[in-house]
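Student: Can you walk me through some helices in this one? Keep it short, please.
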Amino acid sequence: MNHAFRVALASRRLLKPTGAMAVVIELARGFHRCGWDVDIFGEKLNRSVVLESGAHPHRVFRLPNIKGYRGRVIYARQCEARFRWARYDLVVGHGDLLRQNVLFLHNLIHKTAESIPGKEGRKLDSVGRFHEEMLTHDGFEVCIANSQLMKDDLVTRFGLDEARIHVAHPGFDPDRFHVLHDPEVRRRRRQSLGLEDGQRLIGFVTSGDYTKRGLPVLLRALSLLAPDLRETARLLVVGGEPLGPFLEMAEELGVAGAILYHPRVPDVERLMQVLDVFVHPAYIEEFGLVVQEAMACGIPVVTSKRVGASELMLSGHGVLDAPDPDAFAAELETLLRRPDVHHQRRAEGLTATSGNSWEHYVGRVLDVLMGAGLVPSVAVKP
């Protein structure tokens with residue numbers, strides 16, 4: 001009797017919508033479409049989202065009062081014991097296992113600590129210690145990096161064999177993120193945000209961690225705009241946490257009146273589609289789904305080489321060397337003053353994201369796994 005190919009996906013927390021969660025769920029959906037039996041193991045799970053992907057959710061219970069590095073190790077050991085007992089054909093980890101067939105890494109903990117002002121020289125936290133043990137003790141057969149930026153750091157920092165690390169840029173949902181062609185709908189949505197005619201809307205959208213994503217850089221850049229542009233520009237901050245001290249910084253810079261805040265919403269594309277410019281000035285961003293989603297909505301993007309998604313922007317336009325406020329201010333000035341450049345960047349973004357759907361991403365991952373002999377050949381990839 002033939003049994004279905006069995007896959008275990010491990011991710012400690014799949015509760016809030018993040019880029020990492022999107023990758024896990026889309027992989028589960030793609031593997032399920034291959035006819036495989038997919039189980040997801042986590043301490044915190046959004047069961048309805050997991051079930052919708054075609055996977056089966058499994059709760060891994062966290063021992064009370066055991067946190068940090070020890071808590072991570074205990075989670076990993078619990079998962080590994082269950083995987084051995086159930087005899088899975090493929091074990092896929094997302095940075096939370098010490099041993100797996102395939103590692104999908106979403107964060108560069110060490111590089112982040114080096115890149116964000118004020119964090120340099122801090123003691124390695126529990127995630128960094130865990131990742132270091134996993135990466136220096138041969139904890140995987142194949143690693144899928146979400147950008148060349150990530151791959152380069154893994155090879156340089158840990159001396160990993162680059163032949164075992166494959167770059168696959170995550171995808172997006174073209175049914176959600178696309179150009180809004182109806183000017184009346186656009187006008188109404190902008191009015192609902194409190195925008196007046198003639199005002200230009202700059203977007204900063206993230207799931208959280210405003211410092212890592214460079215909100216301080218953007219606030220300084222906003223303050224450096226010419227007076228006429230400061231008068232008409234508005235900054236829409238969409239995120240999963242309150243602005244807190246960043247509002248104090250905005251007050252000191254004289255730009256607090258230009259800030260519009262909106263909590264993170266499930267249909268964030270409704271907000272992104274009405275932007276004039278999207279800015280992602282992160283000190284470090286291993287990929288950045290929102291950058292690609294903005295381009296797919298026809299919104300010109302300004303970012304830097306510190307952001308993995310900038311690798312999609314093959315022309316190099318809008319990609320700065322570093323998150324420098326003066327450089328970002330200059331790019332904003334150009335995009336807000338020159339319709340021809342705005343139109344060109346819009347077209348380049350649409351071309352860059354064309355075809356890079358989640359289905360394409362899963363297909364790329366399957367090619368890697370089949371090439372490594374880790375999964376059976378599939379006649380039709382999802």
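This is a predicted model: local features need pLDDT of at least 70, side-chain atom pairs count only at pLDDT 80 or more; totals for chains, interfaces and linings use all residues.

Student: At what angle do the axes of H3 and H5 cross?

Tutor: At roughly 45°, and they come within 8 Å. H3 is residues 68-86 and H5 is residues 126-136. Axes are lines fitted to C-alpha atoms over the stretch in contact, with angles from 0 to 180 degrees between N-to-C directions.

Student: Which residues of H3 and H5 meet?

Tutor: Gly68, Tyr69, Arg72, Val73 and Ala76 in H3 meet Ser126, Val127, Arg129, Phe130 and Glu133 in H5. Contact means heavy atoms within 4.5 Å. By class, that contact has five nonpolar, two polar and three charged residues.

Student: New topic. Which residues of H10 are buried?

Tutor: Phe246, Met249 and Ala250, in a helix spanning residues 245-253. Buried means under 20% relative accessible area, exposed over 50%, partly exposed in between (1.4 Å probe, protein chains only).

Student: Why do the buried residues of H10 line one face?

Tutor: Seen down the axis, they fall within an arc of 100°, so they line one face of H10. The arc is taken from the directions from the helix axis to the C-beta atoms.

Student: What covers the buried residues of H10?

Tutor: The cover includes helix H8 (215-223) and strand E12 (259-263).

Student: And what sits on the face turned away?

Tutor: Exposed Pro245, Glu248, Glu251 and Glu252.

Technical notes. Residues are numbered from 1 along each chain as its sequence is written. Side-chain values use heavy atoms; hydrogens and water are left out. Helices (H or I, at least four residues) and strands (E, at least two) are DSSP runs, numbered from the N terminus. Ala, Val, Leu, Ile, Met, Phe, Trp, Tyr, Cys and Pro count as nonpolar, Asp, Glu, Lys and Arg as charged, and the others, Gly among them, as polar.
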